[in-house]
Amino acid sequence: MTLPVEPAMLLAFLPVSLLLNVTPGPDMLFCLGQGLRAGPRPALAAALGIGLGGMVHVLLAGLGLAALVAAWPGLFDAIRWAGVAYLVWVAVRTLGTPLENAPARPIRPGRAFADGMAVNLLNPKVALFVLALVPQFVDPAGAPVLAQFLLLGAVISVGGIVVNGAVGLSAGGIGRRLARSPAAERALRWATGALFLGLAVRLAVDRR
């Protein structure tokens with residue numbers, strides 16, 4: 001089976017994608033917050049949702065649609081503010097549900113997956129980043145460009161799932177231990193809500 005990307009180019013791309021995934025950003029912090037708030041399984045589900053959202057960005061970039069976001073500031077801002085609103089809603093939901101109620105109303109992995117995917121999709125800077133980075137490793141004279149985009153995007157997404165999932169799983173274990181203390185539970189809940197609000201503020205003030 002022939003890969004759409006030359007092996008040498010793929011090897012050159014691997015350290016770039018690894019550096020991207022281990023650099024703390026909104027996706028990693030969201031998985032950290034989900035782990036602290038809901039436990040390991042929802043945190044891993046959030047990482048999977050973020051990975052799928054990243055592949056959607058790659059698909060849009062490969063089809064050329066992400067260029068519209070780069071060229072039309074109004075569309076960029078509309079998506080950005082939708083992401084801000086969603087993160088604020090997640091923060092309010094976190095602050096309003098004490099962890100002692102978790103056995104009755106747990107955060108299902110499906111909900112965490114959808115939240116992670118939404119947070120990633122509603123961050124237009126991901127689309128712009130993909131549009132700026134991936135084409136540098138694409139050979140227009142080689143295999144179909146879309147196939148190259150998808151393979152390189154899969155490398156980024158799989159690496160992100162591993163890294164963000166590991167962060168969320170580690171945070172989930174810490175969160176479970178802290179939740180046994182009422183005082184620690186309140187501090188954890190407010191710290192996690194503040195983390196999500198901080199992500200919303202970062203997205204609100206961030207510019208291209």
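Helices H3 and H6 pass each other in a right-handed crossing, a term used when the near helix is turned clockwise from the far one by less than a right angle, anticlockwise being left-handed. The axes of H3 and H6 come within 7 Å and cross at roughly 35 degrees; axes are lines fitted to C-alpha atoms, for helices over the stretch in contact, and angles run from 0 to 180 degrees between N-to-C directions. On the H3 side, the residues of this contact include Arg41, Pro42, Ala45, Ala46 and Leu48, while those of H6 include Pro109, Ala112, Phe113 and Gly116. A contact here means heavy atoms within 4.5 Å. By class, the contact of H3 with H6 has twelve nonpolar, six polar and one charged residues. In this scheme Ala, Val, Leu, Ile, Met, Phe, Trp, Tyr, Cys and Pro are nonpolar, Asp, Glu, Lys and Arg are charged, and the others, Gly among them, are polar.

The model is predicted, and local features need pLDDT of at least 70, side-chain atom pairs count only at pLDDT 80 or more, and totals for chains, interfaces and linings use all residues. Residues are numbered from 1 along each chain as its sequence is written, and side-chain values use heavy atoms, with hydrogens and water left out.

The protein as a whole contains nine helices and zero strands, and its pattern along the sequence is α-α-α-α-α-α-α-α-α. Helices (H or I, at least four residues) and strands (E, at least two) are DSSP runs, numbered from the N terminus. Of the 208 residues in the protein, 42% are buried; buried means under 20% relative accessible area, exposed over 50%, and partly exposed in between, with a 1.4 Å probe and protein chains only. Among the contacts with a separation of 6 or more, 84% join residues 24 or more positions apart.

Helix H2 covers residues 26–38. Its 13 residues reach 18 Å from the first C-alpha to the last, close to the 18 Å expected at 1.5 Å a residue, where the expected span is 1.5 Å times one less than the number of residues. The buried residues of H2 are Asp27, Met28, Phe30, Cys31, Gly33, Gln34, Gly35, Leu36 and Arg37. An α-helix has 3.6 residues a turn, so residues three or four places apart point the same way. After H2 comes Gly39, whose phi is positive, near 110 degrees.

How do the next two packing arrangements of H3 compare in angle? H2 and H3 pack at about 155 degrees, with their axes 8 Å apart. H2 and H3 are therefore roughly antiparallel to each other. Angles over 145 degrees count as roughly antiparallel, under 35 as roughly parallel, 65 to 115 as roughly perpendicular and the rest as oblique. The crossing of H2 and H3 is right-handed. Asp27, Phe30, Cys31, Gln34, Gly35 and Ala38 in H2 meet Pro42, Ala43, Ala46, Ala47 and Ile50 in H3. This contact of H2 with H3 divides into eight nonpolar, two polar and one charged residues.

For H3 (residues 40–63) and H7 (residues 124–133), the axes come within 9 Å and cross at roughly 55 degrees. H3 and H7 are therefore oblique to each other, and H3 passes H7 in a right-handed crossing. His57, Val58 and Ala61 of H3 make the contact with Val126, Ala127, Val130 and Leu131 of H7. Six of the residues in the contact of H3 with H7 are nonpolar, one is polar and none is charged.

Individual residues complete the picture. Asp115 belongs to helix H6, residues 109–121. Asp115 counts as buried because its relative accessibility is 0%. Leaving aside residues up to four places away in sequence, Asp115 touches Phe30, Gln34, Tyr86, Trp89 and Arg93.

Val119 is also placed in helix H6. With 10% relative accessibility, Val119 counts as buried. Not counting residues up to four places away in sequence, Val119 touches Phe30, Tyr86 and Leu87. Val119 and Gly83 are 36 residues apart in sequence, and their C-alpha atoms are 6.3 Å apart in space.

Ala91 lies in helix H5, which spans residues 73–95. At 0% relative accessibility, Ala91 counts as buried. Its contacts, apart from residues up to four places away in sequence, are with Gly193, Phe196 and Leu197. The C-alpha atoms of Ala91 and Leu197 are separated by 5.8 Å, although these residues are 106 residues apart along the chain.
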